[in-house]
Number of protein chains: 4
Amino acid sequence: MTSIADPEALIRSEDSNHPANLICSLCRNFYTHGWVTGTGGGISIRDRDEDHDHVFIAPSGVQKERMLPENMFVMDFSTKQYLRTPPALKPSACTPLFMAAFTKRGAGACIHTHSQAAVLCTLMSKGKTFSIANIEQIKAIPKPSTGGYMGYFDTLTIPIIENTAHEEDLKDSLEKAIEEYPETCAVLVRRHGVYVWGDTVWKAKTQCESLDYLFELAVKMWQLGLDPAGPITPVEE
Amino acid sequence: MTSIADPEALIRSEDSNHPANLICSLCRNFYTHGWVTGTGGGISIRDRDEDHDHVFIAPSGVQKERMLPENMFVMDFSTKQYLRTPPALKPSACTPLFMAAFTKRGAGACIHTHSQAAVLCTLMSKGKTFSIANIEQIKAIPKPSTGGYMGYFDTLTIPIIENTAHEEDLKDSLEKAIEEYPETCAVLVRRHGVYVWGDTVWKAKTQCESLDYLFELAVKMWQLGLDPAGPITPVEE
Amino acid sequence: MTSIADPEALIRSEDSNHPANLICSLCRNFYTHGWVTGTGGGISIRDRDEDHDHVFIAPSGVQKERMLPENMFVMDFSTKQYLRTPPALKPSACTPLFMAAFTKRGAGACIHTHSQAAVLCTLMSKGKTFSIANIEQIKAIPKPSTGGYMGYFDTLTIPIIENTAHEEDLKDSLEKAIEEYPETCAVLVRRHGVYVWGDTVWKAKTQCESLDYLFELAVKMWQLGLDPAGPITPVEE
Amino acid sequence: MTSIADPEALIRSEDSNHPANLICSLCRNFYTHGWVTGTGGGISIRDRDEDHDHVFIAPSGVQKERMLPENMFVMDFSTKQYLRTPPALKPSACTPLFMAAFTKRGAGACIHTHSQAAVLCTLMSKGKTFSIANIEQIKAIPKPSTGGYMGYFDTLTIPIIENTAHEEDLKDSLEKAIEEYPETCAVLVRRHGVYVWGDTVWKAKTQCESLDYLFELAVKMWQLGLDPAGPITPVEE
């Protein structure tokens, strides 16, 4: 393990925007959305500056709405060594997946949810992707090839990978999906949930909320016999 | 920019009903309703008094449940110049739409939501309007031609305008709908959301909540095979 | 108006269970349930003791989640005169209905909600009553003729009265329903909501929550093609 | 009654994780989930140490979101005598059911909810069990025969017992189900709710949340015409 003078200093801060504090307040928020029920799901933040490149990882098995800064793991991104390890806890099983978003996309944060709407979208979409088109909220999703965001008239397509017995075994197919869908900021996992990342923690949160909104809307559209990926129908006079 | 001695004084107040504080607390409230998911939607308050006529506008791209008074833009209504501009932020893309409600209707506040129920009502209503009839909550909606409110036996009709690629491009059709439907306090935007205004911030909030209640109820009625705009059926003995 | 030395003393108390404080905290709670959206619905508490018999009534048109003790009306039950009237406010339009529950049933509190589940139950029930049977939560509903509570194998029947243009015009039909259904602790109002009362404020709240739970469950049963009032089907081996 | 020097010391603690405090904060949490509506449902925690074996039981009929430590009953597990009895309250009618989980399974906590999703699962499942398969959240459910947890490819089966007129009469059939389904950590009660237990209070909570997530998901799957216990369908190319 990389030695560091005072590992506790990594997670102690009065600043509510410090990653160790932010993971706790965001997990409380995610809990109210039903995204991290039963200690499922999680979030990791990469804190990069001139003199450090740290990854903050929440522990496995802790009640998400009761998470505390002292529960956090801190990893040195370059050496992949833990700078701080809380006693009697294991890092989230999602860690290799979070790392894929940091490594393959240079993400600043990655969120994993067990959102029921996400799971239902993977059940209703029989193929390798979920699509939804012509909804204003799509404009919150980035389009890296342009440096900007998707347009209202665009069709949003999120890849779906098949679930595996062990979470860490998703790594290869997640990395493959990231490569095959260079525009995507998220990967759905069939019968499991979704991984969403962003350049910053706030972008990751905005994108995760916007995608979940679209997943929920799609489910309601299916319930009403509407096709989420269908065309805009002409206005009846 | 119109010069003002101390722009910070415009947004600093201990009064929880001061527009800069109220926008923050209302955005937290709206967030719990799912109206401003992923930094979508927003609210603008017009603060008129004998010696001033200011428009408070929330910034674009800020997490709605974490909004702070120092994030607020303040515009002088008569000159349309910003009296206060927070650093590194842009005013909400809805600003021209909010201004339409202030200019065309003399509104005291305008709320824009991405409510999923509103979006679903625009998908289920194939024509240029959404209608619902004979529900008590309709009585919360004003009827300007009478100076009073709608009645229980009235049919509420809200115009629907078509969405555009850029939010500011909605301005012309929103203004046209406001003119064509002189009784309406709201305009739905297809596949996007709704704009609701009122004489005061509290009336705007009451009307926005009541309309959203009616949108949600309509969606549940469709799910159960009922027609929201249908007549009252005779009571079976 | 009955004269009283210090009307303000009627609504000032450090006790969180004082009616003026309780109406505020319960209205915040009801708001989160979607029962009092858009300033609709309300609650009235009757505070009886050896030396007084007061009715606390929330004002009309105030945001329910922002209600304050100083907004409360206090009426002397025997004289029907207001002992305290907050400036610039009107008592809830539900007041005659609340009074019917106090007068006809000796209730200690009456709650009126615009619950969407209640409205949907009045739309799905074509006759003069709503019924649901064989659900554990029914046991929270009192059965006055026995001095106890309903049983699991009982069918709960709530009368439905037709809505009127003006809320106060519901009084006669509400009183008639109270008389015709001596066992009921609630009356549904078609396309409007529900009135629920109880011997104490806590019993009224428990009964209102339990009924709303049953209304919601009935709606979900209809969505799944199940009959809320149907018999228990034999268990398949 | 077993005599104890200071019964009040059993429920007074500054520690938020003390059972008397935890029952209160968890009941507030459960209330927001709609699990303990109308004072239904409840939780009991068994606090075992070298020198004591106490069962903390919430009272019957108290508003769950307003529960206080002084409302708690404390029972000595070995003698089944109450060490502390709050005045004017009765212990939860679920007490014999909670005791079954402590006695038959050595549970550290047992939660009883009236979750509507649980009730709907017992209505949609016509036989003696509810099943759901191939959903990630199933991995939060223990598999005692292996000392570990269920796998993603496993089918989760929860026994359903028939409801009775009186809650305490469920004891025999609950104990029978516990014996017949040695792998289960929960028993559904038809048209009533669910009992869930775990080795510790946190495991009981995680399992209760995870099961409720699965019950909700199953209901949504049925609404969309999907079979919760069906096989994983091949991916369409």
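This is a predicted model: local features need pLDDT of at least 70, side-chain atom pairs count only at pLDDT 80 or more; totals for chains, interfaces and linings use all residues.
User: How many residues do chain A and chain B bring to their contact, and what area do they bury?

Analyst: Buried area is the accessible area, found with a 1.4 Å probe, that two parts lose on being put together, summed over both. Chain A brings 34 residues to the contact and chain B brings 29 residues. Between them they bury about 2,700 Å², with carbon and sulfur atoms accounting for 52%. On the side of chain A, Glu136(A), Tyr213(A) and Leu224(A) give 23% of the area buried against chain B, more than any other three residues.

User: And what area is buried between chain C and chain D?

Analyst: There, about 2,800 Å² is buried, 53% of it from carbon and sulfur atoms. Glu136(C), Tyr213(C) and Leu224(C) supply 24% of what chain C buries against chain D, more than any other three residues. In this contact, 34 residues of chain C meet 29 residues of chain D.

User: How do I read the relation between two copies of a chain?

Analyst: The general idea is that two copies are related by a rotation about an axis and a shift along it. To find that rotation, the copies are superposed by least squares on the C-alpha atoms of residues with pLDDT of at least 70 in both. Here, chain C is superposed on chain D by a rotation of 90° with 0.0 Å of shift along the axis, at an RMSD of 0.0 Å. The two copies are thus related as by a four-fold rotation axis. Within chain C, Gln223(C) has the C-alpha nearest the axis, 5.2 Å from it.

User: What rotation superposes chain A on chain B?

Analyst: It is a rotation of 90° with 0.0 Å of shift along its axis, and the RMSD is 0.0 Å. In chain A the C-alpha nearest that axis belongs to Gln223(A), 5.2 Å from it.

User: Why do the copies meet through different surfaces?

Analyst: Only 3% of the interface residues of chain A are also interface residues in chain B, so these copies use different surfaces to meet.

User: How do I read two packed helices?

Analyst: They are described by the angle between their axes and the distance between the axes. Axes are lines fitted to C-alpha atoms, for helices over the stretch in contact, with angles from 0 to 180 degrees between N-to-C directions. Helices (H or I, at least four residues) and strands (E, at least two) are DSSP runs, numbered from the N terminus. Angles under 35 degrees count as roughly parallel, over 145 as roughly antiparallel, 65 to 115 as roughly perpendicular and the rest as oblique. In chain A, the axes of α3 (residues 116-124) and α5 (residues 201-223) come within 8 Å and cross at roughly 50°. That makes α3(A) oblique to α5(A). Among the residues making the contact are Leu120(A) and Met124(A) of α3(A), and Phe215(A) and Trp222(A) of α5(A). By class (Ala, Val, Leu, Ile, Met, Phe, Trp, Tyr, Cys and Pro count as nonpolar, Asp, Glu, Lys and Arg as charged, and the others, Gly among them, as polar), this contact has nine nonpolar, no polar and one charged residues.

User: At what angle do α2 and α4 of chain B cross?

Analyst: The axes of α2 (residues 95-105) and α4 (residues 171-180) of chain B cross at roughly 30° and come within 10 Å. α2(B) and α4(B) are therefore roughly parallel to each other. Their contact residues include Leu97(B) and Lys104(B) of α2(B), and Leu174(B) and Glu175(B) of α4(B). The residues of this contact divide into five nonpolar, no polar and five charged.

User: Where is Asp199(A)?

Analyst: Asp199(A) sits in the loop between β11 (193-198) and α5 of chain A. Leaving aside residues up to four places away in sequence, Asp199(A) touches Ala107(A) and Gly108(A).

Terms used. Residues are numbered from 1 along each chain as its sequence is written. Chains are lettered from A and ligands numbered from 1 in the order in which they are written. Side-chain values use heavy atoms; hydrogens and water are left out. Contact means heavy atoms within 4.5 Å.
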